[in-house]
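Subject: Structure for your review

Dear colleague,

Please find below the structure that I am handing over to you. My notes on what was found in it follow directly after.

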Amino acid sequence: MVIVGGLIRSTVLKPRPLLRACFLKARPLQLSGKGLYNTLNDPQLPPPSGLPSLWSHRSLLRNPSGSGVRRFSGAAGESQSSAGWYSALSDSAPVHLCEHFLVSVQEGSGLPWWLSITVATLSVRSLITLPFAAYQLVIIGKVEALQAEISELAKRLRYEVSIRARERGWTEKQCRFQFQKNLRRLVSQLYIRDNCHPFKASLLVWVQLPLWISLSLALRNLSLDQSALHSGLAAGGALWFPDLTTPDSTWILPVSLGLINLLIVEMFSLQRINPSRFQKIMTNFIRAISVLMIPIAATVPSSMALYWFVSSLVGFSHNLLLRSPTVHKVLRLKTQRSETPYRDLLSAFINKYWK
């Protein structure tokens, strides 16, 4: 489940309520002259190239009849059913690109299919999603570094609003509205100044989720009976899952997937201090999804379950890597981080579950 880390980071590490704002374009922040309130209200202020030849033989990955991957929407004359969207998604260009990528890795390396899937997953996670995860960490670090400045400016803004309220006879509701409106402008200007709009921290999820879906459907297409590569995948497994086209009857892969996903959830939840009600709900929701993935992984081809497990395992390793003080120095994070993150994580885990 490749998106667990991104979702947890987006909910557990989301900015405090003070940072929730309507992010509007504004001129650079000015804090002198007429006063903060007047300053903020002054209207005068400012087919992919270079791919191997296998791409031209995409029919190998499709039905011998040339009708594309197997559809699940019924007979040709039947109207589109609820499975129509799934059939269209399975036969989409991104999925076929992923099919080509997986086949190219297997043919280029000469490795068995189970190892080729592992290598392809490691490559995608390291070359594509890891840089986005590092960028997400940088954005979150900048947002966290702004907390003290935002708190101080919020105090000054509250004072300015109270003065104006006495002058104009505003009610408490009007004071609150003016404070929140100008605070949103203030926060927006700070984000523009430091180039750290919190939405940028969600880019990881928007990259990971489509990639995870496309690779999963690509492996499913390759595992179908109609695929010319079905026999290769059927003999390309190892250990307790020799046939990658059938589900893992031992449930070892599904259970391992669920455990690693739960471990990722707990790793992020341990760093929370006084979590909000929303954060608790989201954490429990993602825990439920992690458990639900176990029976789902037990019903899909072992090739998909293997990909999900390896992807989550690599994601867990990357999350640990991004906690390293050396990585923080390379990324030039502005917020102070622990010099012993792994020891602190282990201590927090022991204190929560064994004491």
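What pLDDT does the protein chain average, and what share of the residues score at least 70? The average is 76, and 75% of the residues reach a score of at least 70. These values matter here, as the model is a predicted one.

Two stretches deserve a note of their own. Over residues 10-34 the pLDDT stays under 50, and the model gives this stretch 61 contacts beyond four places in sequence. Residues 36-82 also have a pLDDT below 50, with 87 contacts in the model beyond near neighbours in sequence. I would ask you to keep these values in mind when you view both stretches.

Turning to the overall architecture, the protein chain contains 14 helices and zero strands. Read along the sequence, its pattern is therefore one of α elements, written α-α-α-α-α-α-α-α-α-α-α-α-α-α. The chain has 355 residues, of which 45% count as buried. Its exposed surface comes to about 18700 Å², and carbon and sulfur atoms supply 62% of that area.

One annotation comes from a record. An unreviewed UniProt entry lists residues 251-269 as a "transmembrane region".

Next, the surface. Which residues form a nonpolar patch there? They are L346, I350, Y353 and W354, and together they have about 450 Å² of accessible area. One of them, I350, has its place in helix α14 (residues 341-353).

How far apart are the C-alpha atoms of S162 and C175? They are separated by 7.2 Å, while the two residues are 13 residues apart along the chain.

With kind regards

How values were computed
Residues are numbered from 1 along each chain as its sequence is written. This is a predicted model: local features need pLDDT of at least 70, side-chain atom pairs count only at pLDDT 80 or more; totals for chains, interfaces and linings use all residues. Side-chain values use heavy atoms; hydrogens and water are left out. Helices (H or I, at least four residues) and strands (E, at least two) are DSSP runs, numbered from the N terminus. Buried means under 20% relative accessible area, exposed over 50%, partly exposed in between (1.4 Å probe, protein chains only). Accessible areas come from the Shrake-Rupley method with a 1.4 Å probe; for residues, only the protein chains shown count as cover. UniProt positions are given in the numbering used here, feature names are shortened, and annotations may be inferred rather than shown by experiment. pLDDT is the predictor's confidence in each residue, from 0 to 100. Contact means heavy atoms within 4.5 Å. Patches are made of residues with over 30% relative accessible area and no salt bridge: like charges are joined within 9 Å, nonpolar side chains (Val, Leu, Ile, Met, Phe, Trp, Tyr) within 5 Å. A salt bridge is a side-chain nitrogen of Lys or Arg within 4 Å of a carboxyl oxygen of Asp or Glu.
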